[in-house]
Amino acid sequence: MNELQNDRFIRALLKEPVDKTPVWMMRQAGRYLPEYRELRAQAGSFMNLCTNPELACEVTLQPLERFNFDAAILFSDILTIPDAMGLGLYFAEGEGPKFERPVRTAADIDKLPIPDPEMELKYVMDAVRLIRKNLNGRVPLIGFSGSPWTLATYMVEGSSSKTFSKVKGLMFEQPHLMHKMLDKLAQSVASYLNAQIAAGAQTVMLFDTWGGSLGTEEYMEYSLRYAQQVQSLLKTNINGQRVPAVLFTKGGGQWLEAMADTEYDALGLDWQTDIKLARARVGNRVALQGNMDPITLYANPDVIKAKVGAILEKYGAGSGHVFNLGHGILPDINPEHVKVMVDAVHDLSVKYHR
């Protein structure tokens, strides 16, 4: 495979010295870019974009033509695994993802298969291979999956939820069923991420979007436990090269010490977590990724630069920081403001790496 021309993202995740702080952005390939919206219209639907490797490759590369990002992230969806399990994923206009066949009973859980990534999810692996080839060593490629708990929330609820009453009801009333489902999901997620690594992903990220909806005991038992199971099954040594793994729990700032114990290389931080305190709490055990409030990008360039500077100053000197938003960019943000952020990270971070 091609040698990396820019490896500062990988080096930062491994806490190795870098010349400046690397930056990428959650949902960087997506709706805020007019060229994405144009391609999405041509494709006819979001799922058509996701399942066509050539189009997924084009969308993945679009932000790199505009901005000096230090990584590319595979364009896909976190719900590809439940779709491959036969639940019938579809997207209702303005309502987000939905499943035709939600998982509610012991029989539903029993018949869930563990998908073969090179069969049912081959379109994702083909996209990874194509993206890696087209990147030609320019920057590393990030692969990803939803976490077992987060996937379970959609699978049981049948869609996104504000209260998570169905999935939490199952968890509290029939914990053995919840554990059975989460174990299947952990095996499926690990298999999926390992296949992405084999296809060319140079970092993998686990998005635990809804872990923060749980209480502390439940988070440890139903979310973090299975994130750790995924990590233990990852094949992160490829030809002597370490493939770093990142764990991001939105709303998980109170559990950073426990998250750092899972042996992920890095933890993602949402914007509600103070990065200076987070670094003090986890010490040198993990790298940190984050954590500017996405809403900051609506502000004028001077405000954006000041906020970037404040976050860099809070993290302080040395490697181990990947600059990112605390969650995904919103669709109506001006792309020029993204450029301001990216350039500010690179310009203002040099002094912390001397």
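Modeller: Helices (H or I, at least four residues) and strands (E, at least two) are DSSP runs, numbered from the N terminus. Residues are numbered from 1 along each chain as its sequence is written, and side-chain values use heavy atoms, with hydrogens and water left out. This is a predicted model, in which local features need pLDDT of at least 70 and side-chain atom pairs count only at pLDDT 80 or more, while totals for chains, interfaces and linings use all residues.

Biologist: Is Arg-27 buried or partly exposed?

Modeller: Most residues other than glycine have a negative phi. Arg-27, in the loop between helix 1 (8-13) and helix 2 (34-43), has a positive phi near 65°. At 44% relative accessibility, Arg-27 counts as partly exposed.

Biologist: How many helices and strands are in the chain?

Modeller: The C-alpha atoms of the chain fill a box of roughly 60 × 45 × 45 Å, taken along the principal axes, and 60% of the 354 residues count as buried. Counting its elements gives 15 helices and eleven strands.

Biologist: What is the radius of gyration of the chain?

Modeller: The radius of gyration is taken over C-alpha atoms, and the globule rule is 2.2 Å times the number of residues to the power 0.38. For 354 residues that rule gives 20 Å, and the chain comes close to it, so it is as compact as a globular protein of that length, with a radius of gyration of 19 Å.

Biologist: Among contacts in the chain between residues at least 6 apart in sequence, what percentage join residues at least 24 apart?

Modeller: Contact here means heavy atoms within 4.5 Å. Among the contacts between residues at least 6 apart in sequence, the share that joins residues at least 24 apart is 74%.

Biologist: What is the order of the strands in the open sheet of seven strands?

Modeller: Two strands pair if DSSP finds at least two bridges between them. The pairing in this open sheet is parallel, and the order is 1-4-5-8-9-10-11.

Biologist: Which residue stands opposite Gly-143 in strand 5?

Modeller: Strand 4 (residues 141-146) and strand 5 (residues 203-208) pair in the parallel sense over five bridges. Across this pairing, the residue opposite Gly-143 is Val-204.

Biologist: Which residues does Ser-147 contact, leaving aside its neighbours within four places in sequence?

Modeller: Ser-147 sits in the loop between strand 4 and helix 8 and is buried, with a relative accessible area of 2%. Apart from those sequence neighbours, Ser-147 is in contact with Leu-206, Phe-207 and Asp-208.

Biologist: How many residues of helix 8 are buried?

Modeller: Helix 8 (residues 148-157) is mostly covered, and its buried residues include Trp-149, Tyr-154 and Glu-157. Just after the helix, Gly-158 takes a positive phi of about 90°. The buried count within helix 8 is ten of its ten residues.

Biologist: Which residue stands opposite Leu-89 in strand 3?

Modeller: Strand 2 (residues 89-92) and strand 3 (residues 96-99) run antiparallel and are joined by four bridges. They form a hairpin with three residues between them, where Gly-94 in the turn has a positive phi of about 80°. Opposite Leu-89 stands Phe-99.

Biologist: How far apart in space are Gln-187 and Leu-233, C-alpha to C-alpha?

Modeller: Gln-187 is found in helix 10 (residues 175-199) and counts as partly exposed at 32% relative accessibility. Not counting residues up to four places away in sequence, Gln-187 touches Ile-114, Gln-229 and Leu-233. Gln-187 and Leu-233 are 46 residues apart in sequence, and their C-alpha distance is 7.9 Å.

Key: Buried means under 20% relative accessible area, exposed over 50%, partly exposed in between (1.4 Å probe, protein chains only).
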